[in-house]
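Time to look things up one by one and write down what turns up.

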Amino acid sequence: MHIGGLSSIHNQAKKKCEDLMQQKQSIQTAFHRKSTQTKLKHRHRLKASIEVWYAKRCDKIRDLVLEKAPKNDKLTSHKIQKDIVTACKLETIKAIIEDLNGDNFALLVDESCDISRKEQMVIVLRYIDRMRSMVEQFIGIVHIHGTSALCLKEVIVNYLAQHSLSLSYVRVQCYDGASNMQGDLSGIKTLI
C-alpha cells in the first residue's frame, strides 16, 4: 500500500496497470477461445474431407466440406488430398504392425502391370491376431522397375524394413505360378 489518497498518482497508475492486465487477460482468453474454435472447425473439415463420400448423405458434413469452409481451408487441392491419403495409409499400416505384435507371418506377394503398363507388386501379410483369428492384411502396393527375382526380393526386403518387419519372421510364402516367383533354382521363393 502506498501512502496517499485514492486519487494519488501512484494509485491511479496502479489502477491503470490492473485495468491493462485485465484487458490483456480478456484478449488472451478470447484469442484462445477463437483459436480452439478454429482448430476444431479445421479438424471437422479434415475429417469431412477424409469421409467425403458421405457428403451427399449428411448435411453437417456437406456444409463442412465445401460450402462453409473458408476459401483457403477447403482441403480440396490435389496435394492436400494426397497427403491425407498417405497419412491414412501410414496409420493403417501402423495399426496392422501393432496387431501383428512382432509375431511370425505369412508373406503373400503378386506382381502385374497396371493400366498404364507399369509393373507393380502387392504385398499382403497373413497372421494370427490377438483374438487368435487368422487375418490377411494388405499392407502395400509398390511400383517396381524390374521383374527379376532379385529385384522383387530387394523390393520386398526394403518395403518390410520400412515398416520394421524382417524376413526372419516369415514362416510361409505365397506367390503366383510365374517362374520368377516360384522357380526352384532362382525364384523369389528360393531366394527368400
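This is a predicted model: local features need pLDDT of at least 70, side-chain atom pairs count only at pLDDT 80 or more; totals for chains, interfaces and linings use all residues.

**Entry 1**

I began with the strands. In general, strands of a sheet pair through backbone hydrogen bonds, either parallel or antiparallel. Here I found an open sheet of 4 strands in the order E3-E2-E1-E4, and the pairing is mixed. E3 and E4 stand at the edges with a single partner strand each, so one side of each has no neighbour in the sheet. From one strand to the next, the twist averages 25°.

Next I looked up the pairs. E1 and E4 run parallel and are joined by 4 bridges. In that pairing, Ala106 sits opposite Val172 of E4. E2 (residues 119–128) and E3 (residues 134–143) are antiparallel, with 9 bridges. Gln120 has His143 in E3 as its bridge partner.

How many residues lie between E2 and E3 in their hairpin? I get 5, and Arg132 in that turn has a positive phi of about 65°.

Most residues other than glycine have a negative phi. Asn101 is not a glycine, yet its phi is positive, about 60°. I find Asn101 in the loop between helix H3 (78–100) and strand E1 (105–113), just after H3. Asn101 is partly exposed, with a relative accessible area of 46%.

Ser164 also has a positive phi of about 60° without being a glycine. Ser164 belongs to the loop between helix H4 (149–162) and strand E4 (170–174). Is Ser164 buried or exposed? Its relative accessibility is 68%, and the cut-off for exposed is over 50%, so Ser164 counts as exposed.

**Entry 1: helix H3**

I checked the length of H3. At 1.5 Å a residue, its 23 residues should span 33 Å, and the end C-alpha atoms are 33 Å apart, so that agrees. The buried residues of H3 are Ile84, Ile93, Ile96, Ile97 and Leu100.

**Entry 2: helix H4**

Same ruler for H4. Its 14 residues should span 20 Å at 1.5 Å a residue, and the end C-alpha atoms are 20 Å apart, which agrees. Which residues of H4 are buried? My list reads Ala149, Leu152, Val155, Ile156, Tyr159 and Leu160. Looking down the axis of H4, I see these buried residues fall within an arc of 130°, so they line one face of the helix. The face turned away from the buried side carries the exposed residues Leu150, Glu154 and Gln162.

**Entry 3: one valine up close**

I picked Val142, which lies in strand E3. At 15% relative accessibility, Val142 counts as buried, since the cut-off is under 20%. I skipped residues up to four places away in sequence and listed what Val142 touches: Glu119, Gln120, Met121, Ile123, Val155 and Tyr159. Val155 and Tyr159 are also among the buried residues of H4. The C-alpha atoms of Val142 and Val155 are 8.0 Å apart, and the two residues are 13 residues apart along the chain.

**Entry 4: salt bridges**

How many salt bridges does the whole structure have? My search finds 2.

One is between the side chains of Lys79 and Asp83, at 3.3 Å from N to O. Both residues lie in helix H3, 4 residues apart, about one turn of the helix. Lys79 is exposed, with a relative accessible area of 58%, while Asp83 is partly exposed at 42%.

The other joins Arg126 and Glu136, with the closest N and O atoms 2.5 Å apart. Arg126 lies in strand E2 and Glu136 in strand E3, so this pair ties together parts that are 10 residues apart in sequence. Both count as partly exposed: Arg126 at 24% relative accessibility and Glu136 at 45%.

Key:
Residues are numbered from 1 along each chain as its sequence is written. Side-chain values use heavy atoms; hydrogens and water are left out. Two strands pair if DSSP finds at least two bridges between them. Helices (H or I, at least four residues) and strands (E, at least two) are DSSP runs, numbered from the N terminus. Buried means under 20% relative accessible area, exposed over 50%, partly exposed in between (1.4 Å probe, protein chains only). The expected span of a helix is 1.5 Å times one less than its number of residues. Axes are lines fitted to C-alpha atoms, for helices over the stretch in contact, and angles run from 0 to 180 degrees between N-to-C directions. The arc is that of the directions from the helix axis to the C-beta atoms. Contact means heavy atoms within 4.5 Å. A salt bridge is a side-chain nitrogen of Lys or Arg within 4 Å of a carboxyl oxygen of Asp or Glu.
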